[in-house]
Every structure is written in C-alpha cells, then in structure tokens.
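Trainee: Could you go through this one with me? I would like to start with the charged pairs and then move on to the strands and the helices.
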Amino acid sequence: MGKYSERLNKRISTKGPDKGYCVICGQYGKLTKDHVPPKSCNNHAEMVLKTFYAGNNCQGKNFQAGIHFNTICKNCNSELLGSKYDPELVNLSKEITNLALAVNTKKIILPSDILVFLKPQKIARAVIGHLLAAHSCKEATEGIVSSPFVDALRDYFLNETKYLPEGVDIYFWVYPSRRQVIMKNWISASQ
C-alpha cells in the first residue's frame, strides 16, 4: 500500500483517546463514543468505513454493529446530540422506515405528496453533530483544527440562534438497501 493510501486509512480511524479534545466544542476531558448514524436510525448492521476518492481500491474497515467515533465530550454527545437533536432525527428515520416498509409489504399506496411534521433545524444539527464527531481522531489528541467551513458548522451546532451556514446542503434519500452511505465535505462539480 502506498504512503498516500496509508495516510488516508489513518484518517478513518474511529478509536480516539479516552481523554482528549472534543472535536466539536474543543474542551479537553473524557471523550465518549458517538454512533454515526445513531443506533436508533437503523444503525445495527455490519458496516464498512472507507475513504472516498477517485481510484480508491482500499477494502476499508469493518464494524460489527455500526460505527462509533470516540471523539466528543459527554455534553456534546449526551446533552446536545442525545437529548436535544437526535430525537428529531430518530423520529424522521422511523417515519420514513415505517412508510417504506408499509409500501414494501403492500399495506399502503403512497400519494404523490406527503405532509410531514418535523423540526428541520434540530435534524440539521443532529446530522452536523454526527458528521463533526466523525472527524479525525488525531484532532481529539492534538486539538481541533480551525477552518472556515468546519468552524461555521461547529458554531451552528453549538449555537441554536444560528442559521444553517451558507453553502451547506443536507440530503437524504430513501433506497431499498441496508447499506448506509455517509459523505461529509462533499463539493459538487457545479461549485
């Protein structure tokens, strides 16, 4: 394996230190494991985590029961994600799953439009919080790295009065597969 591939594989390490810098708020202390996506969002199957770039042939790393990153503090994990934001993400996931299963078992036929009640800011903060938690474990050891884009995401996650940063789009799609795809910092060709 070339040196470039080795460096990329190190970037997808999920086992951070027991104590270190929270990759969201930057506070030093005991770190906790964050499941990405949350366990309650159908995150139970074996998963493979790999880097994504043109020509990537690496096999990735296998995880038996979902992927978790030991990179965030208890406050960011339990209080903000677990108590405030994840419940809305979990509700959305369960509603979509129930609809998809009902259609699959031919119990219902969906109309062309469906009215869904949700709290988009909480869902967006949950998604962004988990993507931030999936940062390099190196940052948990050495301290967070500042960049305009990631700083804007951190600020949005930590400050409920902030709007979703400009240029940030969150997509999800329904597909009939147990395979989960998590892509962060994707830049479209049109930008």
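Mentor: What follows is a talk through salt bridges, strands, a helix and a surface patch.

Trainee: Before that, what kind of model is it, and how are residues numbered?
Mentor: This is a predicted model, in which local features need pLDDT of at least 70 and side-chain atom pairs count only at pLDDT 80 or more, while totals for chains, interfaces and linings use all residues. Residues are numbered from 1 along each chain as its sequence is written, and side-chain values use heavy atoms, with hydrogens and water left out.

Trainee: OK, how many salt bridges are there in the whole structure?
Mentor: A search of the whole structure gives 3 salt bridges, where the term means a side-chain nitrogen of Lys or Arg within 4 Å of a carboxyl oxygen of Asp or Glu. One of them joins the side chains of Lys84 and Glu160, at 2.6 Å from N to O. Lys84 lies in helix H2 and Glu160 in the segment after helix H5 (148-158), so this pair ties together parts that are 76 residues apart in sequence. Helices here are DSSP runs of H or I with at least four residues, strands are runs of E with at least two, and both are numbered from the N terminus.

Trainee: Which other residues of H5 are buried, and where do they sit around the axis?
Mentor: Besides Arg154, the buried residues in H5 are Val150, Leu153, Tyr156 and Phe157. They cover an arc of only 165° around the axis, so they lie on the same side of H5; that arc is taken from the directions from the helix axis to the C-beta atoms. The buried residues of H5 pack against H2, helix H3 (120-133) and helix H4 (137-142), with contact meaning heavy atoms within 4.5 Å.

Trainee: Switching to strands, how many bridges join S2 to S5?
Mentor: Strand S2 (residues 28-36) is joined to S5 by 6 bridges, and the two run antiparallel; strands pair if DSSP finds at least two bridges between them. Asp34 has Phe69 in S5 as its bridge partner. In strand S5 (residues 67-73), 6 of the 7 residues are buried, so the strand is largely enclosed by the rest of the structure.

Trainee: What about S1 and its hairpin with S2?
Mentor: Strand S1 (residues 19-21) is joined to S2 by 3 bridges, again antiparallel, and Tyr21 stands opposite Tyr28 in S2. Their hairpin has 6 residues between the strands, and Gly26 takes a positive phi near 85° there.

Trainee: Last one: which residues make the nonpolar surface patch?
Mentor: Val103, Ile108, Leu110, Ile114, Val116 and Leu118 make a patch of about 420 Å². Patches are made of residues with over 30% relative accessible area and no salt bridge, with like charges joined within 9 Å and nonpolar side chains (Val, Leu, Ile, Met, Phe, Trp, Tyr) within 5 Å; accessible areas come from the Shrake-Rupley method with a 1.4 Å probe, and for residues only the protein chains shown count as cover. Val103 lies in helix H2 (residues 74-104) and is partly exposed, with a relative accessible area of 33%.

Conventions. Buried means under 20% relative accessible area, exposed over 50%, partly exposed in between (1.4 Å probe, protein chains only).
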